[in-house]
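The sequence and the structure come first.

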Amino acid sequence: KICGVFIFALFISITLFVVDPLRCGRNPDGSLSMLSNPGVICFDSGEHFVMLFLCIAGILCYPMTIISWATYTTCSYPSRITSGQGLQLVHRHRFLFQRFKPQRYYYGLLLLLRNAMLALFPVIFTPVPSLQIEIM
């Protein structure tokens, strides 16, 4: 129960940390370097390739796993409610379902997906900072 609350609370922070090696900006000489560590040249240095490997592993281990689990739990909600196991599901995953009306049980998943997109905006729109401000 409390772990689920921490997952929701820290989801954006950890996702931002995991995708940090993907945030590259242009240098005056035309090369790309990481915005958080300009000494690392993107897609050209061994350090960055190691960071990319860890980034992909981190994405698979944290954000994708959490989103997959929340999607499975949300999709199984209607069948489990009708089978009589609904109280156990709602009690165990109340951080995902309790904030919303029972008819809107899927809003927790939508909130988690919104948080994932919010964490990915700085990566996707790195070249256009003004657009980042408008979107957020």
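## Cysteines

There is one disulfide in the structure, and the model it is taken from is a predicted one. The bond joins Cys 24 and Cys 42, with 2.0 Å between the sulfur atoms. The torsion about its S-S bond is about -95 degrees, so the disulfide is left-handed. The two cysteines sit 18 residues apart and connect distant parts of the chain. Cys 24 belongs to strand S1 (residues 24-26), while Cys 42 lies in the loop between strand S2 (32-34) and helix H2 (46-61). Both Cys 24 and Cys 42 are buried.

Cys 55 is buried, at a relative accessible area of 3%.

In soluble globular proteins, nonpolar side chains tend to be buried together. The largest nonpolar core of this model has 14 residues, and Phe 11, Leu 96 and Leu 112 touch the most other members. Two or more residues each come from H1, helix H3 (63-83), helix H5 (94-97) and helix H6 (107-124). The largest contribution is that of H3, with four residues.

Leu 112 can be followed through its contacts. Leaving aside residues up to four places away in sequence, Leu 112 touches Phe 8, Phe 11, Ile 66, Ile 67 and Ala 70.

Thr 73 is part of helix H3. Thr 73 is buried, with a relative accessibility of 3%. With residues up to four places away in sequence again left out, Thr 73 is in contact with Leu 89, His 93, Leu 96 and Phe 97. Leu 96 is also one of the core residues that touch the most other members.

Leu 113 is a residue of helix H6. Its relative accessible area of 34% makes Leu 113 partly exposed. From Leu 113 to Arg 80 the C-alpha to C-alpha distance is 23 Å, and the two are 33 residues apart in sequence.

## Salt bridge

How many salt bridges does a search of the whole structure find? The search finds one. Arg 23 pairs with Asp 20 in a salt bridge whose closest N and O atoms are 3.9 Å apart. The distance cut-off for such a pair is 4 Å. Arg 23 is partly exposed at 23% relative accessibility, whereas Asp 20, at 19%, counts as buried. The two fall in separate classes because buried means under 20% relative accessible area.

## Accessibility summary

The table collects relative accessibility for residues discussed above.

| Residue | Relative accessibility | Class |
|---|---|---|
| Cys 55 | 3% | buried |
| Thr 73 | 3% | buried |
| Asp 20 | 19% | buried |
| Arg 23 | 23% | partly exposed |
| Leu 113 | 34% | partly exposed |

Methods
Residues numbered from 1 in each chain as written. Predicted model: local features only at pLDDT ≥ 70, side-chain atom pairs only at ≥ 80, totals over all residues. Heavy atoms only, no water. Core = buried A, V, L, I, M, F, W, Y, C linked by side-chain atoms within 4.5 Å. Buried < 20%, exposed > 50% of the residue type's maximum accessible area, 1.4 Å probe, protein only. Contact = heavy atoms within 4.5 Å. Disulfide = S-S within 2.5 Å. Salt bridge = Lys/Arg side-chain N within 4 Å of Asp/Glu carboxyl O.
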